[in-house]
Amino acid sequence: MKINTSVSVVVRIVLWLGLIIGGSLLSLKIDLQSKEGIFFNPLFHIFSFIVGFVLLRFAFRAAAKGGKELARFGRDNTMPRLETNRLVSTGIYAQMRHPMLFGLMLIPLSVAFLLGSPTFITMVAPLEMIFIALMVLIFEEMECKKKFGKEYEAYAQKVSMVCFGWRCLRELFLCKED
């Protein structure tokens, strides 16, 4: 099987999946060893599953929104999947440089709630979310600066890395795909 993308992208995907799977297994092990507590409450699991499902929908919507804009405007047909060769600064990228970060960060929390793991929800997922944010904001920024040079520097002067304003979040999480 030939993977048609850069080593950097593959490493980040494997690391992200490792965090989610490893965090899930570790958290469930800790929760099961406790023998009592909220983890063994069926009502908690029903509530937790609903919250996890909603968060997962938001995560996929954010990732899809950013990913579709990159796929449509950020590369030509010669570029491998998940790679870009054009700087995208329109649509959601006119409001923030890393909109897909929201989707990537919400996945661990979504999985934690879907599993109903108090340990994952309160300890492991927040740590994973911080790690994912740092990984994206450090490595993505370095790669973009290297790939797009002065064009990216000018873009970075006008557009923040992430945006927590209502308009940005509404477009990212609530607006339908184009």
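Let's start with the sulfurs: Cys163 and Cys168 form a disulfide, and their sulfur atoms sit 2.2 Å apart. A disulfide here is a pair of cysteine sulfur atoms within 2.5 Å, and by that rule the count comes to one. The link of Cys163 and Cys168 is right-handed, with 75° about the S-S bond. What about Cys144? Cys144 is in no disulfide, since its nearest cysteine sulfur, that of Cys163, is 18 Å away.

Before I go on, a word on what we're looking at. This is a predicted model, where local features need pLDDT of at least 70, side-chain atom pairs count only at pLDDT 80 or more, and totals for chains, interfaces and linings use all residues. Residues are numbered from 1 along each chain as its sequence is written, and side-chain values use heavy atoms, with hydrogens and water left out.

pLDDT is the predictor's confidence in each residue, from 0 to 100. The protein has a mean of 89, and 94% of its residues reach 70 or more. Confidence is highest in H3, at 94, and lowest in H5, at a mean of 89. Where pLDDT is low, the predicted coordinates should not be read in detail.

Now the overall build. You'll find five helices and zero strands; those are DSSP runs numbered from the N terminus, with helices being H or I of at least four residues and strands being E of at least two. Along principal axes, the C-alpha atoms fill a box of roughly 55 × 40 × 30 Å.

How much of the protein is buried? Buried residues make up 39% of the 178 residues. Buried means under 20% relative accessible area, exposed means over 50%, and partly exposed is in between, using a 1.4 Å probe and protein chains only.

Contact, by the way, means heavy atoms within 4.5 Å. Of the contacts with a separation of 6 or more, 77% are between residues 24 or more positions apart.

Two residues show this kind of thing up close. Thr84 lies in the loop between H2 and H3, and it is buried because its relative accessible area is 15%. Leaving aside neighbours within four places in sequence, Thr84 is in contact with Leu70, Gly74, Arg75, Met79, Lys147 and Phe148. Then there's Val111, found in helix H3 and buried at 18%. Not counting residues up to four places away in sequence, Val111 touches Ile20, Ser24 and Phe120.

Last stop, the outside. Which residues form a nonpolar patch on the surface? They are Leu43, Ile46, Phe49, Ile50, Phe53 and Val54, with about 610 Å² of accessible area together. Patch members have over 30% relative accessible area and no salt bridge, with like charges joined within 9 Å and nonpolar side chains (Val, Leu, Ile, Met, Phe, Trp, Tyr) within 5 Å. A salt bridge is a side-chain nitrogen of Lys or Arg within 4 Å of a carboxyl oxygen of Asp or Glu. The areas come from the Shrake-Rupley method with a 1.4 Å probe, and for residues only the protein chains shown count as cover. Ile50 is in helix H2, residues 42–73, and counts as exposed because its relative accessibility is 51%.
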